[in-house]
Amino acid sequence: AGAHGDLECLLIGRSSDLVVGPDGVLFVSDPATSTIFKIDTAHQHRAAVHVRDQALGQPTSLLYDAAHHRLLAGCWGSGQLLFIGEDGKIFSLMQKRFKRIKSLHFDREGHLLFAALVTGKIYRLRNYEKLEVVRENLVTPANFALDKDGRRLVVPSYRGNIVFSFGLPY
C-alpha cells in the first residue's frame, strides 16, 4: 500500500465490490485473490487486509448487515453466501450453492436479495431462513438495483445487452 494525498492506495488485482460498514469503514473485495480489504476512513484511510482465505471463494458482492453487525459476501467461484465476522472469521449462511452470485441487496422489509448469474434467477432469503425465487428465466442478471421505494428491481443483463425492470412481489 502507498499513500496518495489523504487516501491510502491499495494494490488490488481486480476489485469487484465496495460497501460501507460501521463508522464509515469501507470493505473492498478482490475476487482474484479471495481477499476482502478494510479501509478505516476515520483514521487517515488506513487500509489493511480484513480477511484473505480461499474459503471466500472469489467474493464479488458485498453487503453490510447493520442490524446484525456483519458483512455478507456473495462468492462467484464457490457459489456460497457467507458471513464474515468483525474478526475476519468466515461462516456459511446456508449449505446451498448457487451459480455465480452477483449483487446483494436488502428489500424494503430487510430480506436478502441476490442474483445467480448463470441460472438466471433472483432469490430472496427471508429472515436468513426461507429461500424463494423472485424471478427466473432471466438472461444473465448482473448488478441489479431497487428503486427508491423498494418496489421495483432494475436488472441489467450481463450478456443480453438489455436492462429491464419488474415489480418486486411481497
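A salt bridge here is a side-chain nitrogen of Lys or Arg within 4 Å of a carboxyl oxygen of Asp or Glu. By that criterion, Arg124 forms a salt bridge with Glu132, with 2.8 Å between the closest N and O atoms. The structure is a predicted model, in which local features need pLDDT of at least 70, side-chain atom pairs count only at pLDDT 80 or more, and totals for chains, interfaces and linings use all residues. Residues are numbered from 1 along each chain as its sequence is written, and side-chain values use heavy atoms, with hydrogens and water left out.

**Confidence**

- The protein chain has a mean pLDDT (the predictor's confidence in each residue, from 0 to 100) of 87, and 91% of its residues reach 70 or more.
- Residues 1-8 have a pLDDT below 50, and this stretch has 12 contacts (heavy atoms within 4.5 Å) in the model beyond near neighbours in sequence.
- Where pLDDT is low, the predicted coordinates should not be read in detail.

**Salt bridges**

- The whole structure contains 4 salt bridges.
- Asp107 pairs with Arg124, the closest N and O atoms being 2.9 Å apart.
- This pair links distant parts of the chain, with Asp107 in the loop between E11 and E12 and Arg124 in strand E13, 17 residues apart. Strands (E, at least two residues) and helices (H or I, at least four) are DSSP runs, numbered from the N terminus.
- Asp107 and Arg124 are both buried, where buried means under 20% relative accessible area, exposed over 50%, and partly exposed in between (1.4 Å probe, protein chains only).
- Arg124 has a relative accessible area of 1%, and Arg126, with 17%, is buried as well.
- Glu132 also meets Arg126 in a salt bridge, at 3.0 Å from N to O.
- A network of salt bridges links Asp107, Glu109, Arg124, Arg126 and Glu132.

**Nonpolar cores**

- A nonpolar core is a set of buried Ala, Val, Leu, Ile, Met, Phe, Trp, Tyr and Cys residues joined through side-chain atoms within 4.5 Å.
- The largest core has 15 residues, of which Leu81, Phe98, Leu104, Leu112 and Phe114 touch the most other members.
- Strands E9 (81-84), E11 (101-106), E12 (112-116) and E13 (121-126) each give two or more residues to this core; the largest share, 3 residues, comes from E12.
- Beyond four places in sequence, the contacts of Phe114 include Leu81, Phe98, Leu104, Leu131 and Phe144.
- A second, separate core of 13 residues includes Val25, Leu56, Leu71 and Ala73.

**Strands and sheets**

- Four strands form an open sheet in the order E3-E4-E5-E6, with antiparallel pairing; two strands pair if DSSP finds at least two bridges between them.
- Strand E3 (17-20) and strand E6 (46-52) are the edge strands, each pairing on one side only.
- Strand E4 (residues 26-30) pairs with strand E5 (residues 35-40) in the antiparallel sense over 5 bridges, and Asp30 has Thr35 in E5 as its bridge partner.
- His50 lies in strand E6 and counts as buried at 13% relative accessibility.
- Strand E7 (residues 59-65) is largely enclosed by the rest of the structure, because 7 of its 7 residues are buried.
- E7 runs antiparallel to strand E8 (residues 70-75), joined by 6 bridges, and Tyr64 stands opposite Leu71 in E8.
- The two strands E7 and E8 form a hairpin with 4 residues between them, and His69 in the turn has a positive phi of about 55 degrees.
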